[in-house]
Amino acid sequence: MIPYEFSNYKELYDRKLVKLWLDISTYCNAGCPQCHRTNANGLGKIEWLPLVQWSFEQFKSAFPIRVLQKFKEIHICGTWGDPIMNKDIFEIVSYILQNTNGMHILINTNGSIRDEEWWWKFGVLVRNRTTVYWAVEGINPKQHEKYRKFTDLQKILNNMDSFSAAGGISEVFTVIFEHNEKDMYNIAELSKKHGARQIMFIRSNRFYDNNSFKYVDTDGTVDYFYKSKLPINKDFYYKSWDLYNEESMRIIYEESNQA
Ligand code: SF4
């Protein structure tokens, strides 16, 4: 079913139905081995990717108010870097919110960037007009950092606490591997305790034809992590808290071990 009837892009734009997807930084403090920006041989940035970021002035010039007001929603994601690394993210978000009427912003981050004070101020700025998706992938640092290299689980939880308490909307994004699938319920509980309203579980789809992923760590040691055994038809879970309980997580885990 086509949700809206329109004949061309201009019509969609004029009816304020376009959702904008922005990548505003190629900087990142993490080194997730399967990320597009990570070189799996040493976990640094891939050589050919330039380190660039949008400035506030560039953003305003690309999106003057009359243009900005045409969009339905803005999703600031991090395909090539983490948006919270952008030095002007606070000003950019403030400008969008001040100059649009009720527009909602979505931001993906690993969450281990900036401190609780910054996140408090950011939460006060955006309140319920911005949703931040945080990466929580374990119930302890070792499990979390197995994939989210160079990030700090406690820092993420503290930042999420602070942002949520200030009025921002927090949701958690968890990539599922063999090393954390058994703790889905506990990751959901931990996230809820630190202010998340919902959690999204998604199985990594970057193993291609293999069950394992090999990478070389910063010190030159070779390491691996493994594909989740969750059944193929259960790649995606996105539920409100009242649908989460230990029993549903137990069933998912047991099914995954039978697959
Ligand atoms: S946090 Fe995001 S942008 Fe940074 S390395 Fe990980 S997946 Fe890539």
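This is a predicted model: local features need pLDDT of at least 70, side-chain atom pairs count only at pLDDT 80 or more; totals for chains, interfaces and linings use all residues.
Colleague: Start with the strands. In which sense do β2 and β3 pair, and over how many bridges?

Modeller: Read the sense first, then the bridges. Strand β2, residues 71-76, and strand β3, residues 104-109, are parallel, with 4 bridges. For a landmark, find Glu73, which sits opposite His104 in β3.

Colleague: What lies on the other pairing of β3 with β4?

Modeller: Strand β4 spans residues 130-135 and runs parallel to β3, joined by 5 bridges. Here Thr109 faces Trp134 in β4.

Colleague: How does the chain get from β3 to β4?

Modeller: Follow the path over the helix. From β3 the chain passes through helix α5, residues 116-126, into β4, and the crossover is right-handed. A right-handed β-α-β unit is also formed by β2, helix α4 (residues 89-98) and β3.

Colleague: Now the helices. At what angle do α4 and α5 pack?

Modeller: Compare their N-to-C directions. The angle is about 10°, and the axes lie 10 Å apart. Angles under 35 degrees count as roughly parallel, so α4 and α5 are roughly parallel to each other.

Colleague: Which residues meet there?

Modeller: From α4 come Phe90, Val93, Ser94 and Leu97; from α5, Phe122, Leu125 and Val126. By class, this contact of α4 with α5 has 6 nonpolar residues, 1 polar and no charged.

How values were computed
Residues are numbered from 1 along each chain as its sequence is written. Two strands pair if DSSP finds at least two bridges between them. Helices (H or I, at least four residues) and strands (E, at least two) are DSSP runs, numbered from the N terminus. A crossover is right-handed if, with the strands pointing away from the viewer, the path from the first strand over the helix to the second runs clockwise. Axes are lines fitted to C-alpha atoms, for helices over the stretch in contact, and angles run from 0 to 180 degrees between N-to-C directions. Angles under 35 degrees count as roughly parallel, over 145 as roughly antiparallel, 65 to 115 as roughly perpendicular and the rest as oblique. Two residues are in contact if their C-beta atoms, placed from the backbone, lie within 7 Å. Ala, Val, Leu, Ile, Met, Phe, Trp, Tyr, Cys and Pro count as nonpolar, Asp, Glu, Lys and Arg as charged, and the others, Gly among them, as polar.
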